[in-house]
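Subject: Structure handover

Hello,

Please find the structure below, as promised. My notes on what was found in it follow.

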Amino acid sequence: MGVFRKIRSRWRPLADGQEPPIAPLDPEWPYSIRPLTVAQLEECWRLDQRCFADGEAYSRETFQYLLTAPDALCYQANAADGTMVGFIIGIIEPDFTGHITTVGVLPEHRRRGIALRLMQRIEEAFRKCGVRTVRLEVRATNHGAQKLYRNLGYVVTQRLPRYYSNGGDGLLMIKSLD
């Protein structure tokens, strides 16, 4: 306990609810992960429009709801210059299931580990909140995202016919955090 007190005394105090940026695992990785708040609503919404140009982007109102929901966990990925290049939003359901509602990374920043690190960060936050199971939906034709989720331990449990507004099928994927 004495060692903890010595280390703790060196921590800088943060404002209520503020979290420090997550240090990159690789010092060469030019991105940081930090909390996403309603203050970044416009920037997040615009990024979503670019990520989901196929018509599956959320409205501003949906983002406002998600970013202000009391049980939401929201993170952003930023380039070295501070520009938001990705985000993830999850909700803790009343049964303490985590639901990843959306993950987006700008097309020109994909395949650089951003989505992986956003997923790892939100899973860590879910665990801290007592969540034992996480679910997400993914387009049945989005093989890249499915591969990422499978590599993280998610399993397809159900096909969701005509889940998306354009009639495309979705897949329900679940992961145990135990």
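Helices (H or I, at least four residues) and strands (E, at least two) are DSSP runs, numbered from the N terminus. By that count R111 lies in the loop between β4 and α4. This is a predicted model, in which local features need pLDDT of at least 70, side-chain atom pairs count only at pLDDT 80 or more, and totals for chains, interfaces and linings use all residues. Residues are numbered from 1 along each chain as its sequence is written, and side-chain values use heavy atoms, with hydrogens and water left out.

Overall layout

The protein chain has 5 helices and 7 strands. Their order along the sequence is α-β-α-α-β-β-β-α-β-α-β-β. Of the 178 residues in the protein chain, 42% are buried. Buried means under 20% relative accessible area, exposed means over 50%, and partly exposed is in between (1.4 Å probe, protein chains only). Contact means heavy atoms within 4.5 Å. Among contacts in the protein chain between residues at least 6 apart in sequence, 59% join residues at least 24 apart.

Helices α2 and α3

Two packed helices are described by the angle between their axes and the distance between the axes. Here the pair is helix α2 (residues 41–51) and helix α3 (residues 60–68), whose axes come within 10 Å and cross at roughly 125°. Axes are lines fitted to C-alpha atoms, for helices over the stretch in contact, and angles run from 0 to 180 degrees between N-to-C directions. α2 and α3 are therefore oblique to each other; angles under 35 degrees count as roughly parallel, over 145 as roughly antiparallel, 65 to 115 as roughly perpendicular and the rest as oblique. The crossing of α2 past α3 is right-handed (a crossing is right-handed if the near helix is turned clockwise from the far one by less than a right angle, left-handed if anticlockwise).

On the α2 side the residues that meet α3 are L41, E42, C44, W45 and D48, and their partners in α3 are R60, F63, Q64 and L67. By class, this contact of α2 with α3 has 5 nonpolar, 1 polar and 3 charged residues. The classes are as follows: Ala, Val, Leu, Ile, Met, Phe, Trp, Tyr, Cys and Pro count as nonpolar, Asp, Glu, Lys and Arg as charged, and the others, Gly among them, as polar.

Helix α4

How far apart are the end C-alpha atoms of helix α4 (residues 114–128)? They are 21 Å apart, which agrees with the 21 Å that its 15 residues should span at 1.5 Å a residue; the expected span is 1.5 Å times one less than the number of residues. The buried residues in α4 are I114, R117, L118, M119, R121, I122, E123, A125 and F126. L116, also found in helix α4, counts as partly exposed at 31% relative accessibility. Leaving out residues up to four places away in sequence, L116 touches L148 and L152. After α4 comes G130, with a positive phi near 85°.

C74 lies in strand β2 (residues 72–79) and counts as buried, at 9% relative accessibility. Apart from neighbours within four places in sequence, C74 is in contact with R34, P35, L36, L66, L67, I88 and I89. For C74 and I89, 15 residues apart along the chain, the C-alpha atoms are separated by 4.5 Å.

T101 is in strand β4 (residues 97–105). T101 is buried, with a relative accessible area of 18%. Not counting residues up to four places away in sequence, T101 touches Y58, L66, I89, G90 and I91.

Loop residues

R111 has a positive phi of about 65° although it is not a glycine, and R111 is exposed, with a relative accessible area of 85%. R162, likewise not a glycine, has a positive phi of about 50°. R162 is in the loop between β6 (155–160) and β7 (170–176) and is exposed, with a relative accessible area of 64%.

P161 has its place in the loop between β6 and β7. P161 is exposed, with a relative accessible area of 62%. P161 and L171 are 10 residues apart in sequence, and their C-alpha atoms are 8.5 Å apart in space.

Regards
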